[in-house]
Structures are given as C-alpha cells and as structure tokens.
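Please open the model in a viewer and keep the selection tool at hand.

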Amino acid sequence: MEDAKPEASGFMSIVNEIIYSPMNLGLVLIIAFLIYKIIKDRIEVPNAVAQRPAQVELPKLRRDFTIQELRQFDGSQPDGRVLLAVNGKVYDVTKGKQFYGPGGPYAPFAGRDASRNLATFSVTPNDKDEYDDLSDLSAMEMESVKEWELQFDEKYIYVGKLLRKGEQPTNYDDEEEEPASDAKPNDDAAAAAANASDEGLRKRAVDPANE
C-alpha cells in the first residue's frame, strides 16, 4: 500500500500539471483530436468504398463521328459515356469521367474536339460546328497537340476518326483489331508538327487525369 501512494501522487501531479498548464492542455487536446480523426477515417473509408456503386462496363464503341455526333457524348446522357477528340482522333475517356465528365475540371472538353484547348491551355468549350483543321496554330502549339495525342493513345481507348465536312465514315464491321493509326490527322497540323523541334517531341505532356 505504501508503494501505491507515491505512484498515485505522481499520477496526480502529472494530471495537475496538464490541467493548470494551458500549453500542455492544448497539446493533449490536439493529440486526442488526431487520434479521433485517424480512427474515424479508418472506419468511414471502407464503408464509403463498400457503398460506392459498381461502374457499369459499357460496350466497346468503334465508329467515326462528325462534330455534331460527338456532342452527344459529353457524359450527361443516360449511359454516361464520355468521348473527346484530339488531332482528328476520337477517344473514349469514360474511365476518366471524374475529370472529363459533368462537374469535372475538364468537362468543357467532353463531346468536343479538345485539340485547340490542349494546345492553348484553355478550358473554354470549343463550340465550333465545323471541323477545326488547326492550321492557324503555331509550330509549338501543334507540337503540344501531338504530345497530347500520344498521351491519349496510351491511356484511353481509340474509337474512330473525327470526320471532316463531306468525309464518309469508315466501315469497321470487318475489323478484328482497333489500330489507332488509321485515324487521319489534320494535314496542315501534321506539316506544322513535322517542323517542330525533336527535343520538344520527346517531352510527354501531363494528362489531366493524372493530376
């Protein structure tokens, strides 16, 4: 019993020091709050994952699009598919819907030709109703478009070509594979890209989906 008294006395002295010292009391409260947050997050995160609805896998799409047809795939339609075009190629970016879909930071690209936006670092929607040949872009801007095209080739699914006025769509019914090389890039844009520096072409653009 005698040994217990010094221990109790020592414990009370620590408690008194915490209570009567504003700094120590503040540190204790901060530590308690952090412990609470850690425990709370560990409980809530698994619950949120469990409650998240499974994303429905959409059927693979393989076809060419006019500007007007592409507008129908901005993610707001019932199936939620998101398409966009870069340098004459149409990509399915549905898996990056949190970035390109409604409410995302790059939603203005959805259902549109995003080439000019990517070249000029603009998020203003490209509402042109005619095919944009990008012929007025500088060599540096066109180089940027080509870099983005490479990035989208690697990350997203190639769907088909963005059609010029009067251009007939390709019949893909007999194809077994989906080579991205059959897309027809902008002629003038390709010429400008060819004159761009090789050093710039070796640099890879940062995909918004990776930000």
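A residue is called buried when its relative accessible area is under 20%. By that criterion, 36% of the 211 residues in the chain of this predicted model are buried.

Eight helices and three strands make up its secondary structure, and they follow the pattern α-α-α-β-β-α-α-α-β-α-α along the sequence. Among contacts with a separation of 6 or more, 64% join residues 24 or more positions apart.

Next, select Met23, Leu27, Ile30, Phe33, Leu34 and Tyr36. These residues form a nonpolar surface patch with about 670 Å² of accessible area together. Ile30 belongs to helix H2, residues 22-51.

Now move to helix H6, residues 139-155. Its 17 residues reach 25 Å from the first C-alpha to the last, close to the expected 24 Å. Which residues of H6 are buried? They are Met142, Glu143, Ser144, Val145, Glu147, Trp148, Glu149, Gln151 and Phe152.

Finally, display the aromatic rings. The structure holds nine aromatic pairs. The ring centres of Phe65 and Phe73 lie 5.5 Å apart with planes at 80°, so this pair is edge-to-face; both residues are buried. For Phe152 and Tyr156, the centres are 5.4 Å apart and the planes at 35°, so the pair is tilted.

Methods: Residues numbered from 1 in each chain as written. Predicted model: local features only at pLDDT ≥ 70, side-chain atom pairs only at ≥ 80, totals over all residues. Heavy atoms only, no water. Helix = DSSP H or I, 4+ residues; strand = E, 2+ residues; numbered from the N terminus. Expected span 1.5 Å × (residues − 1). Buried < 20%, exposed > 50% of the residue type's maximum accessible area, 1.4 Å probe, protein only. Patch = residues over 30% accessible without salt bridge, like charges linked within 9 Å, V, L, I, M, F, W, Y side chains within 5 Å. Areas by Shrake-Rupley, 256 points an atom, 1.4 Å probe, with all protein chains shown as cover. Salt bridge = Lys/Arg side-chain N within 4 Å of Asp/Glu carboxyl O. Contact = heavy atoms within 4.5 Å. Phe/Tyr/Trp six-rings, centres within 6.5 Å; stacked < 30°, edge-to-face > 60°.
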